[in-house]
Amino acid sequence: MSIDPLQTVLGTLEAYGCKPRQSGPHQWLSLCPAHEDRKPSLSVGLGREGQVLLKCFAGCSTEAVVFALGLTLADLWPDSLPPAHGNGKKSVPKPDAPEKVYPTAREALQA
């Protein structure tokens with residue numbers, strides 16, 4: 001049985017009293033558990049590979065939000081991801097991988 005990471009995060013936010021509410025397709029707003037929040041500043045979304053995307057507009061890191069919820073970064077990813085290089089681990093992009101930089105937003109969108 002596969003665990004749905006989005007339902008895990010939303011359920012945990014609800015359990016912590018963060019009151020997530022849907023704001024669009026695959027998009028929710030919530031109080032951030034990593035700081036004292038009076039109005040929702042945490043965006044919760046669903047990525048293309050089924051991973052949970054977290055963005056605190058007050059500046060909390062994803063790691064801080066996940067830690068405050070008692071979860072790990074691996075909990076943001078579905079179990080169905082293919083193993084990376086056959087080692088049984090989830091395929092997660094390396095944070096130090098160089099990013100392609102575009103001079104303009106238009107060129108980035110056309111890429």
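Biologist: Where is Gln51 found?

Modeller: This is a predicted model, in which local features need pLDDT of at least 70, side-chain atom pairs count only at pLDDT 80 or more, and totals for chains, interfaces and linings use all residues. Strands are DSSP runs of E with at least two residues, and helices are runs of H or I with at least four, both numbered from the N terminus. Gln51 lies in the loop between β3 and β4.

Biologist: Is Gln51 buried or exposed?

Modeller: Buried means under 20% relative accessible area, exposed over 50%, and partly exposed in between, with a 1.4 Å probe and protein chains only. Because its relative accessibility is 13%, Gln51 counts as buried.

Biologist: Which residue's backbone nitrogen does the side chain of Gln51 reach?

Modeller: Leaving aside residues up to four places away in sequence, Gln51 is in contact (heavy atoms within 4.5 Å) with Gly45, Leu46, Leu76, Trp77 and Pro78. Its side chain also reaches, at 3.0 Å, the backbone nitrogen of Glu49.

Biologist: Which strands stand at the edges of the sheet?

Modeller: The open sheet has 4 strands in the order β1-β2-β3-β4, with antiparallel pairing (at least two DSSP bridges between two strands). Two strands have a single partner each, so one side of each is left without a neighbour in the sheet: β1 (21-24) and β4 (52-56).

Biologist: Which residue of β3 stands opposite Ser30?

Modeller: The antiparallel strands β2 and β3 are joined by 4 bridges. In β3, the residue opposite Ser30 is Leu42.

Biologist: At what angle to β3 does helix α1 run?

Modeller: Axes are lines fitted to C-alpha atoms, for helices over the stretch in contact, and angles run from 0 to 180 degrees between N-to-C directions. Helix α1 (residues 5-15) lies across β2, β3 and β4, and its angle to β3 is about 155°.

Biologist: What distance separates the C-alpha atoms of Leu31 and Ser41?

Modeller: Leu31 belongs to the loop between β2 (27-30) and β3 (42-46), and it counts as buried because its relative accessibility is 17%. Beyond four places in sequence, its contacts include Leu13, Gly17 and Pro40. Leu31 and Ser41 are 10 residues apart along the chain, yet their C-alpha atoms are separated by 5.8 Å.

Biologist: What pattern does the chain follow along the sequence?

Modeller: The chain has 3 helices and 4 strands. Of its 111 residues, 31% are buried. Along the sequence, the pattern is α-β-β-β-β-α-α.

Methods: Residues numbered from 1 in each chain as written. Heavy atoms only, no water. Polar contact = N/O pair within 3.5 Å; in protein donor to acceptor, adjacent residues only side chain to side chain.
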